[in-house]
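Subject: The structure, and some notes on it

Hi,

Here is the structure I promised to pass along. Please open it beside this email, and my notes follow just below.

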Amino acid sequence: MRFKIILGGLLLWSAATMAQDSVLYIVDSVEATNGLEQLTPDKIALINIVKSPTLQAQYGAKAANGIMYIETRPFARRRYNRLFTSLSPAFEAAIKKYGDDSKFQYILDGTKIDDNSVNMLAALEKKNITSLVVVDGDTLKKTYDVKDRKVGVIITSK
């Protein structure tokens, strides 16, 4: 995990250094005007660097050199929970039952997702998900040897 934090920090630092205010920063869907000093690598789920005429038309001259979209972990979690709710009534029922997804084990393409790899969920888009299956704790324990979670969310992507 320390390696990922250091690597993420280097990426954020190098992008910010190269851009020097020439790139528009959008953090959690809001234009960042106060800089990125308070944003530490362990809070980041996803970074996308985009440059297109459509964005330039939307944001004007500020976006002439591109936009750096940054999603924090809490924002990304809310976004992918909304996505999964729209794809699966069973997921929606589990969220309602438990209040949030803290008792869930996500499994993406056969890989257990832990706190260090939650960015894999943040990167998912609806068009890339082929199936989302919700299983109970007993099935999760038997099939994936996960003992401390109430719900399993098995996601298959393209």
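The partner of Asp 148 in a salt bridge is Arg 149, with the closest N and O atoms 3.9 Å apart. Arg 149 itself is partly exposed, at 28% relative accessibility. By salt bridge I mean a side-chain nitrogen of Lys or Arg within 4 Å of a carboxyl oxygen of Asp or Glu.

A word on where this comes from: it is a predicted model, in which local features need pLDDT of at least 70 and side-chain atom pairs count only at pLDDT 80 or more, while totals for chains, interfaces and linings use all residues. Residues are numbered from 1 along each chain as its sequence is written, and side-chain values use heavy atoms, with hydrogens and water left out.

More on the salt bridges

The count comes to seven salt bridges. One of them joins Glu 31 and Lys 62, whose closest N and O atoms are 3.0 Å apart. This pair links distant parts of the chain, 31 residues apart: Glu 31 sits in strand E2 (residues 30–31), and Lys 62 in the loop between helix H2 (53–59) and strand E4 (67–72). Helices (H or I, at least four residues) and strands (E, at least two) are DSSP runs, numbered from the N terminus. Both ends are partly exposed, Glu 31 at 31% and Lys 62 at 44%. Arg 79 also forms a salt bridge, with Glu 71, at 2.9 Å between the closest N and O atoms. Here Glu 71 counts as buried, since its relative accessibility is 14%.

Around strand E1

Strand E1 (residues 24–27) points Leu 24 and Ile 26 one way and Tyr 25 and Val 27 the other, and all are buried. E1 runs parallel to E4, joined by four bridges, and Leu 24 has Ile 67 as its bridge partner in E4. Two strands count as paired if DSSP finds at least two bridges between them. With E2, E1 runs antiparallel through two bridges, and Ile 26 stands opposite Glu 31. That is the Glu 31 of the salt bridge to Lys 62. The hairpin of E1 and E2 has two residues between the strands, and in it Asp 28 takes a positive phi near 50°.

The four-stranded sheet

An open sheet with mixed pairing has the strand order E6-E5-E8-E7. E6 (111–112) and E7 (129–136) stand at the edges with a single partner strand each, so one side of each is left without a neighbour in the sheet. E7 runs antiparallel to E8 (residues 151–157), with seven bridges between them; among the partners, Val 135 has Gly 152 in E8. Helix H6 (residues 137–144) packs on the sheet and touches E5, E6, E7 and E8, with its direction at about 110° to that of E7. Contact means heavy atoms within 4.5 Å. Helix H4 (residues 89–98) lies across E5 (104–108), E7 and E8, running at about 155° to E5. For these angles, axes are lines fitted to C-alpha atoms, for helices over the stretch in contact, and angles run from 0 to 180 degrees between N-to-C directions.

The whole chain

Overall there are six helices and eight strands. Of the 158 residues, 35% count as buried.

Best wishes

Definitions and conventions:
Buried means under 20% relative accessible area, exposed over 50%, partly exposed in between (1.4 Å probe, protein chains only).
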